[in-house]
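Visitor: I would like to learn how to read the domains of a model and the interface between them. Could we go through one case together?

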Amino acid sequence: MSGAEGTLRVGIVGCGGIARSHARAYAADPRVEIVAVHDVRPEAAQEFAAELGALACDSLAEMAARDVQLVSVCTPPGTHTDTTVALLEQGTSVLLEKPPTVNLADMDRIARAEAGSPGAVFVVFQHRHGSGAKRAHRLLADGSLGVAQVAVCETLWYRPDSYFDPQWRGNWAGEGGGPTLGHGIHQIDLLLHLLGEWTTLEARACRVARPVEFEDVATASVTFAGGAVASITTSLLSPREVSRIRIDTTAGTLEVDHLYGYTDTDWTWFPVPDAGTAAANGTDPGTARAGGAAATDALETPDVWTASAGEDVPSNHAAQIHDLVGDLLAGRPHPTTLASTRPTMELVTALYASALEGRPVARTDLTPDSPFYRSLDGGLPAQRVTDRMSTTS
Ligand SMILES: NC(=O)c1ccc[n+]([C@@H]2O[C@H](COP(=O)([O-])OP(=O)(O)OC[C@H]3O[C@@H](n4cnc5c(N)ncnc54)[C@H](O)[C@@H]3O)[C@@H](O)[C@H]2O)c1
């Protein structure tokens, strides 16, 4: 896929906050021409178009008529499906913001439209695209970091009551789901990207403090086909904010600890000390020496994680968009497809199903017959949801 002289002609739909991150990434790439933008608020499109030197279009059809090859969909989650399907029907590829949809039924509707279109759908999960995650993915997949056994996945963020003042926030109709869908999904997606196929889940979703219809804290225990077990916590009540994934393998502990984006320095690897080194240090394998130094720091050769370091690419929109543009122009497959993000949406769906029905959920339970397939509240009466999420009754 390439336009004149090997450039990619792109458009942006939804000219709000995150559209600026897309625009900055495209504008910094000499292989890209930002051709057109569109918003349901014409004044927002005109202002954004003027900033970018692009055309403000009144409709998606007008945008498609400009031979746009890739469109970033940066609209609110509940509008993603109609917008993406319309673009696919015009033959345009889409870079769709997270969460890709607000339920699995919508996701499958997009997948059907994609199957009948020359266009393809890619999803923004920028934390798959920093150099740390790429190394971790490669080294876990080829066994260099051992076999994953235990994992912790935390999105501990803080949003005061006033965050929910906008009319569309804090309710199922406006957001489609709570912070598990809107915030924790970044870490959940990265966890699944690193650990592979998940199989079962048991969860609690609780409303502790915020004026919302859904959870402000959720916890889940998840099993993986490879035998690992992970705990997932998502909170909007955590003043010292952190986004963290920790994976304990047969060979060591891999950890990334950041907030809204990591660099290589946010990743650490703590290898299991070999028996000889541990004995020399007077410790058991896997323990630290007095003073906090790892028992392995006597090793002379760099461990496999340290040895794999290359260019430090932060996890942000620029990283993913750089990868996507390169792949599209070269005719290579780009890995962060719609299909690759379905397990993430399945896990989010299972978390609500488990929490609201009070039972473990298997991934195989999430068929179109499940009430949670069409909406994350399972279509349950509001009072039933309130009761299930209460921590005091
Ligand atoms: N990847 C990330 O780190 C990240 C961060 C923030 C937001 N997001 C996602 O980006 C998306 C947009 O979030 P935002 O914070 O930019 O929202 P926003 O409210 O700032 O902007 C949304 C824009 O879309 C426009 N819009 C609404 N419906 C539309 C429609 N049907 N067609 C065209 N335009 C429409 C609105 O007028 C508004 O200008 C959401 O899906 C959100 O989850 C992702």
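Guide: Over residues 8-123 the chain is 42% helix and 23% strand, with the end C-alpha atoms 18 Å apart; helices (H or I, at least four residues) and strands (E, at least two) are DSSP runs, numbered from the N terminus. UniProt, in an unreviewed entry, lists residues 8-123 as "domain: Gfo/Idh/MocA-like oxidoreductase N-terminal", and such annotations may be inferred rather than shown by experiment. This is a predicted model, in which local features need pLDDT of at least 70 and side-chain atom pairs count only at pLDDT 80 or more, while totals for chains, interfaces and linings use all residues. Residues are numbered from 1 along each chain as its sequence is written, and side-chain values use heavy atoms, leaving out hydrogens and water.

Visitor: Which domains does the domain assignment give?

Guide: Domain bounds come from an automatic or database domain assignment, which here gives domain 1 (4-123) and domain 2 (131-307). The C-alpha centres of domain 1 and domain 2 lie 31 Å apart.

Visitor: How much area do domain 1 and domain 2 bury between them?

Guide: Buried area is the accessible area (1.4 Å probe) that two parts lose on being put together, summed over both; for domain 1 and domain 2 this is about 440 Å², 70% of it on carbon and sulfur atoms. In domain 1, Lys-98, Pro-99 and Val-102 lose the most area to domain 2, together 77% of what that side buries.

Visitor: How many salt bridges does the rule find across the interface?

Guide: A salt bridge is a side-chain nitrogen of Lys or Arg within 4 Å of a carboxyl oxygen of Asp or Glu, and the rule finds 0 of them between domain 1 and domain 2.
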